[in-house]
Amino acid sequence: MATNGATNGDVPPPPHSIYDTILVLDFGSQYTHLITRRLRELNVYSELLPCTQKLSELSWKPTGIILSGGPYSVYAADAPHVDPAVFELDVPILGICYGLQEIAWHHGKNVAAGDKREYGRAALKLEKHAATSAHVSQLFADLPQDMEVWMSHGDKLSKLPDNFVTIATTSNSSFAGIAHTEKEYFGIQFHPEVTHTPMGTRVIKNFAVNVCKARQDWTMTSFVDQEIARIRSLVGPKGQVIGAVSGGVDSTVAAKLMKEAIGDRFHAVLVDNGVLRKGEAAQVHATLTKGLGIQLHVIDAADRFLDLLKGVADPEKKRKIIGNTFIDCFEERALAIAKEAENTLNAGPIEFFLQGTLYPDVIESISFKGPSQTIKTHHNVGGLPERMSLKLIEPLRELFKDEVRVLGTSLGIPEDLVWRHPFPGPGIAIRIIGEVTREKVRIAQEADEIFIAEIRAAGLYRQISQAFAAVMEGRAVGVVGDQRLHGYIIALRAVQTTDFMTARAFRFDMEWLERVVERIGNEVEGVARVVYEVTSKPPATIEFE
């Protein structure tokens with residue numbers, strides 16, 4: 001059972017203090033986030049923290065702990081290790097791959113390099129232990145004795161730790177699964193979180209529900225009630241909130257949630273920063289005001305942003321400039337709203353700034369020496385100026401994208417808005433490699449409009465998680481009519497993903513793709529050629545910068 005964490009006055013506690021929570025400690029595996037996702041899919045609340053997390057710094061006690069995989073060797077001098085207090089917490093522990101080896105290292109250091117790397121599918125054979133402690137068999141309860149699993153490791157246990165028994169083997173791993181005979185500690189060498197392990201979710205469920213006894217009560221219906229109560233308590237009966245909206249699903253759901261919580265004391269603001277999609281400002285205004293009843297003010301700041309971006313090629317500098325200027329615009333608008341409300345009854349100060357931060361934003365921005373290296377600064381997490389006077393309020397911070405969509409549907413937001421493809425906070429600026437110019441923005445907007453229109457016409461929009469057109473750095477030679485053209489290169493990108501932590505390129509029909517390329521080449525002035533980018537995530541990110 002979750003224990004109540006510290007709260008701020010009458011403000012309801014965060015989810016980990018309300019729901020039974022499985023804590024996932026990240027050792028840097030590319031699959032770690034999937035562990036959290038699988039638990040959430042089972043309606044078990046889970047949070048991910050770096051493996052360096054000190055348990056004394058937590059204000060809550062997890063119901064169970066999962067140690068993730070990782071690219072390191074536990075016996076290396078600089079190998080990451082968990083806080084020893086993890087093994088003194090008296091909660092069940094499951095180690096996956098590196099996590100198994102971490103458990104073994106803590107119980108005798110019997111880990112060494114394997115004779116050969118085991119990567120890919122493997123046949124797992126379960127071992128029965130009817131005579132030992134009852135809990136030993138719970139991890140693989142109701143599973144067949146022979147299972148297909150996914151392996152990805154070079155090191156392995158050289159000896160079974162004291163007080164452990166073997167509960168699974170493969171032809172290459174004599175200790176593919178182990179369990180402590182007295183404590184509820186389990187280790188598995190395979191990855192149950194990936195789809196390549198067909199019954200992996202059953203293993204995770206057995207640990208979370210059967211071993212940890214975690215309640216399966218994490219739903220968007222329960223979340224929305226808790227979050228509305230939290231917002232009302234945090235903001236107070238007279239407080240006001242100003243919020244950034246872009247028309248994307250994250251900001252739209254966050255805005256609708258805020259509207260439900262505090263009504264017209266929420267002031268939505270759309271900043272037209274000059275790097276939105278074509279016609280976006282007018283479209284969002286109509287959608288949010290007429291469609292959802294949200295009070296929205298549009299700030300035309302296109303020239304202001306584009307002038308500041310002139311000559312800037314570094315993507316991190318772009319993000320900082322856009323993030324800082326966004327806050328400038330919002331603070332100016334907040335002051336104007338406050339002045340308008342001076343003589344209004346029951347109006348309090350604007351103290352909070354709403355953002356649609358999601359859990360993947362938080363995960364990708366966690367950084368420590370070794371695992372989970374920061375890939376980029378998220379405008380929602382680390383890209384805001386320190387001098388910002390407004391306090392952040394982030395109602396979606398604990399949610400994955402698919403959870404946000406379920407939440408949006410429960411709030412009555414139309415399907416076409418709920419399933420709209422994501423759009424980055426820095427906008428087209430990070431879809432333009434190098435310096436952002438007005439000409440490049442026009443080209444990116446026009447190419448993107450054609451690409452998305454063709455995707456919709458082909459009935460592919462819902463099959464694709466995110467699609468857009470980007471402008472590459474430099475120019476290429478082309479021929480238009482009888483004239484030589486030294487024009488820009490457009491890169492089209494479309495990916496499929498369930499969690500936006502990993503993604504693969506969508507496989508278009510070549511005849512359809514050629515038609516799109518032809519349209520862009522003929523209709524967008526200044527384009528010399530068009531390419532389709534197919535790199536998966538990882539190693540690439542979904543956006544170009």
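Analyst: Rings of Phe, Tyr and Trp (its six-membered ring) pair if their centres lie within 6.5 Å; planes under 30 degrees apart count as stacked, over 60 as edge-to-face and the rest as tilted. The model is predicted, so local features need pLDDT of at least 70 and side-chain atom pairs pLDDT 80 or more, while totals for chains, interfaces and linings use all residues. Residues are numbered from 1 along each chain as its sequence is written, and side-chain values use heavy atoms, without hydrogens and water. By the pairing criterion, the number of aromatic pairs in the structure is 17.

User: Which class of pair do Tyr 45 and Trp 218 form?

Analyst: The ring centres of Tyr 45 and Trp 218 are 4.6 Å apart. Their planes stand at 50°, so the pair is tilted.

User: How many residues apart in sequence are the parts that Tyr 45 and Trp 218 tie together?

Analyst: Tyr 45 belongs to strand β2 (residues 45–50), a DSSP run of E with at least two residues. Trp 218 is in the loop between α3 (200–211) and α4, helices being runs of H or I with at least four residues. The pair therefore ties together parts whose separation in sequence is 173 residues.

User: Are Tyr 45 and Trp 218 buried or exposed?

Analyst: Tyr 45 has a relative accessible area of 0%, and Trp 218 has 2%. Buried means under 20%, exposed over 50% and partly exposed in between (1.4 Å probe, protein chains only). Tyr 45 and Trp 218 are therefore buried.

User: Which helices hold Phe 305 and Phe 326?

Analyst: Phe 305 and Phe 326, both buried, form an edge-to-face pair, 5.6 Å centre to centre with 70° between the planes. These residues, 21 apart, lie in α7 (residues 302–309) and α8 (residues 315–340) respectively.
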